[in-house]
Every structure is written in structure tokens, then in C-alpha cells.
Amino acid sequence: MDKAVHLLISGRVQGVFYRYTAQKVASRLGIRGWIKNLPNGKVEVIAIGTPSAVDTFTAWCQEGPPGAQVSDVEVTPLPSPPELEGFSIRY
């Protein structure tokens, strides 16, 4: 059974580089979902996949790519995963 989480990432995380790198990591792990920048400087992510893949991706989001300076990641489990294919960047 798939696991789904909503992530709200704070810190110096805005920009295409963070989203692009997250998309590559998610695709490599087989994660479905999306990532987008929010007007308040945070990054929002929906991640769906096997529990181990989602946990690995969440850990990556907490670290981020070099220079991201992630200060906080709020993780909220989603009771029913949305039907999504692939992993995309939203604008």
C-alpha cells in the first residue's frame, strides 16, 4: 500500500534548482506527486509511493541540495493519496 505525505519546506529553498533536484530524486525513487514554490518563500510537495521511498524522499527534502539551507520540514500524512502519475514541477 502506498504512503502519501504533504511536505511544507522552509528555509532558503525557493528557486528552480531545489525543485529540479527534488524532481530528479523523486523520479529516481519512483515517487509520484508534485512540487511548487509558495508566495511565502516556502516549498510545498505532495509525495506518493512505497513507504520506504517516501521516507527516503522526505529525508532528502530535510537535507536538500547543497546551499538550500532547509530550516524546517512539516510532514503531514495524507489519508487517501491523490491519483497522480509521475512527479512534476508546478508553477
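How many aromatic pairs does the structure hold? The answer is three, and two of them are described below, after a walk through the fold of this predicted model.

## The sheet

Let's start with the strands. Five of them make up an open sheet with mixed pairing, in the order β4-β1-β3-β2-β5. At the edges sit β4 (70-77) and β5 (87-90), each of which pairs on one side only. On average, and with direction ignored, neighbouring strands of this sheet are turned by 15° against each other.

Within the sheet, β1 (residues 3-11) and β3 (residues 43-49) run antiparallel and are joined by seven bridges. Here L8 stands opposite E44 in β3.

## The helices

Two helices lie across strands of the sheet. Helix α1 (residues 16-29) lies across β1, β2 (32-37), β3, β4 and β5, and runs at about 165° to β5. Helix α2 (residues 51-63) lies across β1, β3, β4 and β5, and its angle to β1 is about 0°.

## The aromatic cluster

Y18, F57, W60 and F87 come together as one aromatic cluster. Within helix α2, F57 and W60 are three residues apart, about one turn of the helix. Their aromatic pair is stacked, with 6.3 Å centre to centre and 15° between the planes. F57 also forms an edge-to-face pair with F87, at 5.7 Å centre to centre and 70° between the planes. This pair links distant parts of the chain, since F57 belongs to helix α2 and F87 to strand β5, 30 residues apart.

Are these residues buried or exposed? F57 and W60 are both buried. F57 counts as buried because its relative accessibility is 0%, and F87 counts as buried because its value is 8%, under the 20% cut-off.

How values were computed
Residues are numbered from 1 along each chain as its sequence is written. This is a predicted model: local features need pLDDT of at least 70, side-chain atom pairs count only at pLDDT 80 or more; totals for chains, interfaces and linings use all residues. Side-chain values use heavy atoms; hydrogens and water are left out. Two strands pair if DSSP finds at least two bridges between them. Helices (H or I, at least four residues) and strands (E, at least two) are DSSP runs, numbered from the N terminus. Axes are lines fitted to C-alpha atoms, for helices over the stretch in contact, and angles run from 0 to 180 degrees between N-to-C directions. Contact means heavy atoms within 4.5 Å. Rings of Phe, Tyr and Trp (its six-membered ring) pair if their centres lie within 6.5 Å; planes under 30 degrees apart count as stacked, over 60 as edge-to-face and the rest as tilted. Buried means under 20% relative accessible area, exposed over 50%, partly exposed in between (1.4 Å probe, protein chains only).
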